[in-house]
Amino acid sequence: MSVCHNYTGVSEFFIVGFPSLQPEYFAVVAWFFFFIYVTTVVGNLLLVVVFALEQSLQKPMYIIMVSLALSDVGFATVALPKLIARYWWNDGRLAFHTCLFQRHMIHYFGSLNSLILWTMALDRYLAICFPLRYPTLMTNQTMTGLTLFSWVVAHVFPGINTVNFSRMMFCGSNQIMSAFCDTMSFTPLVCGELRRHFSPGYGAAMFILYVPLGFIIFSYICIIISVLCCSSQGRMKTFSTCATQGCIIFIYYIPRFFVYSTPFFPNLTMTPDKRIATTLFYSILPPLINPFIYCLRTKEIKQILRHWWLKSK
């Protein structure tokens, strides 16, 4: 492709995926991601259906779980179908504005999940540290308001970056060295100095990710201090829940920091394959396992699913 002097000269991009992957493994990789996509969508939509049909689940905790499930379905639907097509039919082409839209939605759902995890931590903090006041502090209306706020505000930082990218000039190759269009893969294709274009997006990502993470850590510290005064059975149940959620939070936040920070730390280097694998790990694993962690570990949902199963038999 010839060198472009402005973005209008770029008619399409091509999703490369793993640069070192040999063609004989393309079908295996396509089936692997297809299985992940179907499992993610079915598992999360099952939670949404259970919530919609069972009046007993109309509670703040389940409202935020449904919000997380819908966000996970949205992210998987934005990210995976084109990657599957890339390895199944070698169809990695994306029109310029389609790629720009995918980049926006990838970072939108990333920001949204961060805000949802913050809301979930707030709900657990109020429920455990202020159990008597919790029913009045966290009502269905309050949780619905926080959820809608998260879904709207999550557009702000990705939207600003999307507008900026739409005005930039693109030079050289049109190949996206990633599994999908995102800031890390988009920025190297922009004309001019890399750090100048990447710094605003990096700052926005750090803010939307780690301000909620700071509150999450604070809330868990308060929860741990509070449950130390409970019975041993209550402590074990709470610690088990916190440990499970802590694993998801660790997977979601920590690898992101290293991937986003590599352009600013010369000693922190990643090959394209390692960066793509790390990105897929923290992006796809949480949506895949969230239904099992937040639903199958919940007594009410397990009882409902068991009742449905026995009724069908």
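Student: What is the accessible surface of the chain, and what percentage of it belongs to carbon and sulfur atoms? After that, please look closely at the disulfide: which cysteines form it, and how far apart are their sulfur atoms?

Tutor: This is a predicted model, in which local features need pLDDT of at least 70 and side-chain atom pairs count only at pLDDT 80 or more, while totals for chains, interfaces and linings use all residues. Residues are numbered from 1 along each chain as its sequence is written, and side-chain values use heavy atoms, with hydrogens and water left out.

The accessible surface of the chain is about 15500 Å², and 69% of that belongs to carbon and sulfur atoms; the areas come from the Shrake-Rupley method with a 1.4 Å probe, and for residues only the protein chains shown count as cover. Of its 313 residues, 49% are buried, where buried means under 20% relative accessible area, exposed over 50%, and partly exposed in between. The chain holds 11 helices and 3 strands, in the order β-α-α-β-α-α-α-α-β-α-α-α-α-α. Helices (H or I, at least four residues) and strands (E, at least two) are DSSP runs numbered from the N terminus. Among contacts (heavy atoms within 4.5 Å) with a separation of 6 or more, 79% involve residues 24 or more positions apart.

Now the disulfide. The whole structure contains 1 disulfide, defined as a pair of cysteine sulfur atoms within 2.5 Å. Cys 99 and Cys 181 form it, with their sulfur atoms 1.8 Å apart. The pair links distant parts of the chain, 82 residues apart: Cys 99 belongs to helix H3 (residues 96-129), and Cys 181 to the loop between strand S3 (175-176) and helix H7 (183-186). The S-S torsion of Cys 99 and Cys 181 is about -105 degrees, so this disulfide is left-handed. Cys 99 and Cys 181 are both buried.

Another pair of cysteines does not bond. The sulfur of Cys 129 has that of Cys 222 as its closest cysteine sulfur, but the 5.5 Å between them is too far for a bond. Cys 222, in turn, is in no disulfide. With a relative accessibility of 18%, Cys 222 counts as buried.

Met 177 is partly exposed, at 31% relative accessible area. Leaving aside neighbours within four places in sequence, Met 177 is in contact with Val 16, Pro 19, Ser 185, Arg 275 and Ile 276. Its C-alpha is 8.9 Å from that of Asp 273, although Met 177 and Asp 273 are 96 residues apart in sequence.

S3 runs parallel to S1, and 2 bridges join them; two strands pair if DSSP finds at least two bridges between them. Gln 175 of S3 is the bridge partner of Phe 14. S1 (residues 12-15) also pairs with strand S2 (residues 93-95), in the antiparallel sense and over 3 bridges, with Phe 13 opposite Leu 94. The covered face of S1 consists of Phe 13 and Ile 15, and the uncovered face of Glu 12 and Phe 14.

How values were computed: Buried means under 20% relative accessible area, exposed over 50%, partly exposed in between (1.4 Å probe, protein chains only).
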